[in-house]
Amino acid sequence: DGKKFDIKPIDLTEANKIPEGTSLLVMIRPNNLTERQRYEVSKYLASGGKVVLIASPFKMESQFGWKVEKQVTGLEDYLKEIGISFNQDFLADNSNLRMPIELNQFTGEVKYARIPLFVKILGENIDQESVLTRLMPGLLMPFPAEIKVDGDVTQRNGLNVRVLAKTSKQSWTLPYNDSFQPDKVTYDERTQQFTGGKNVFVMLTGQFPFPFEGKPIPPWVKPD
């Protein structure tokens, strides 16, 4: 609601930093952040700021065929230090998108193609008590990545973890490769080996650490 929030896009540069008094920082697929940008984000978090991070360890595009490549946010080391990491493999689920591909004009029967990497997160697997997700009856997530939580590390950092959404119990992973073709993935739910629900949306609360404590402030890198 624009009447309640003042939304300001920033590119996290020396001339366009996180504004003072920012209530929420939304980071959508950050790409290879510099050391100074990591400093700014971790300082904001350690100062009590709130961050929504939408990220994935890979990038999938469809332009004259599928193209997939690794995606580096620049926050991987910091996330690992607080107990969070992304599974590098592709995530599939028997709860997925069905697309009509053929209609029998005589019987009216519709034939569907199932795309297991377009994952449908069921309402029963969404936290219906959190203010962030309680109004979500379901989610469609194309090419999600599993978020792995190291409970010992998060606890050691004094952080509380709450899983807000996960895939169904009939999920599995597929090894990453650069020539992956998601539309070629087929499976038989009667024989497919499922490996249980995977976290795709988690919330951490508590006092976040500041890894640059006592260290020189990194310089800004001028854009090319």
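Biologist: What share of the residues of the protein chain count as buried?
Modeller: Of its 224 residues, 37% count as buried. Buried means under 20% relative accessible area, exposed is over 50%, and partly exposed is in between, with a 1.4 Å probe and protein chains only. This is a predicted model, where local features need pLDDT of at least 70 and side-chain atom pairs count only at pLDDT 80 or more, while totals for chains, interfaces and linings use all residues. Residues are numbered from 1 along each chain as its sequence is written, and side-chain values use heavy atoms, with hydrogens and water left out.

Biologist: OK, and what does the secondary structure come to?
Modeller: The protein chain has three helices and 13 strands. Those are DSSP runs numbered from the N terminus: helices are H or I with at least four residues, strands are E with at least two. The C-alpha trace spans about 70 × 40 × 40 Å along its principal axes.

Biologist: Let's take helix 1. Is it mostly covered or mostly exposed?
Modeller: Mostly covered: nine of its twelve residues are buried. Among them are Y39, V41, Y44 and L45.

Biologist: What covers them?
Modeller: The cover includes strand 1 (25–28), strand 2 and helix 2 (76–81). After helix 1 comes G48, with a positive phi near 100°.

Biologist: Where's K50, then?
Modeller: K50 is in the loop between helix 1 (35–46) and strand 2 (51–54). K50 counts as exposed because its relative accessibility is 55%.

Biologist: Which residues does K50 touch, leaving aside its neighbours within four places in sequence?
Modeller: S23, L24, L25 and Y44. Contact here means heavy atoms within 4.5 Å.

Biologist: Switching to N87: buried or exposed?
Modeller: N87 counts as buried because its relative accessible area is 15%. You'll find N87 in the loop between strand 5 (84–86) and strand 6 (90–93).

Biologist: What does the side chain of N87 join up with through a polar contact?
Modeller: The side chain of E146, at 2.9 Å. A polar atom of the N87 side chain also lies 3.0 Å from the backbone nitrogen of D89. A polar contact is a pair of N or O atoms within 3.5 Å; within protein, one must be able to donate a hydrogen and the other to accept it, and residues adjacent in sequence count only if both atoms are side-chain atoms. Setting aside neighbours within four places in sequence, N87 is in contact with P57, A145, E146, K148 and T173.

Biologist: New topic: how many aromatic pairs are there?
Modeller: Eleven. One is W66 with F143, edge-to-face, at 5.5 Å centre to centre and 80° between the planes. That pair links distant parts of the chain, 77 residues apart: W66 is in strand 4 (residues 66–70), and F143 is in the loop between strand 9 (138–142) and strand 10 (147–149). Rings of Phe, Tyr and Trp (its six-membered ring) pair if their centres lie within 6.5 Å; planes under 30 degrees apart are stacked, over 60 edge-to-face, and the rest tilted.

Biologist: How exposed are W66 and F143?
Modeller: W66 is partly exposed at 25% relative accessibility, while F143 is buried at 11%.

Biologist: Which residues do ring pairs link into a cluster?
Modeller: F58, F90, Y176 and F180. K70 lies over the face of Y176, 4.1 Å from the ring centre. To count as over a ring, NZ of Lys or CZ of Arg must be within 6 Å of the ring centre and within 35 degrees of the ring normal.
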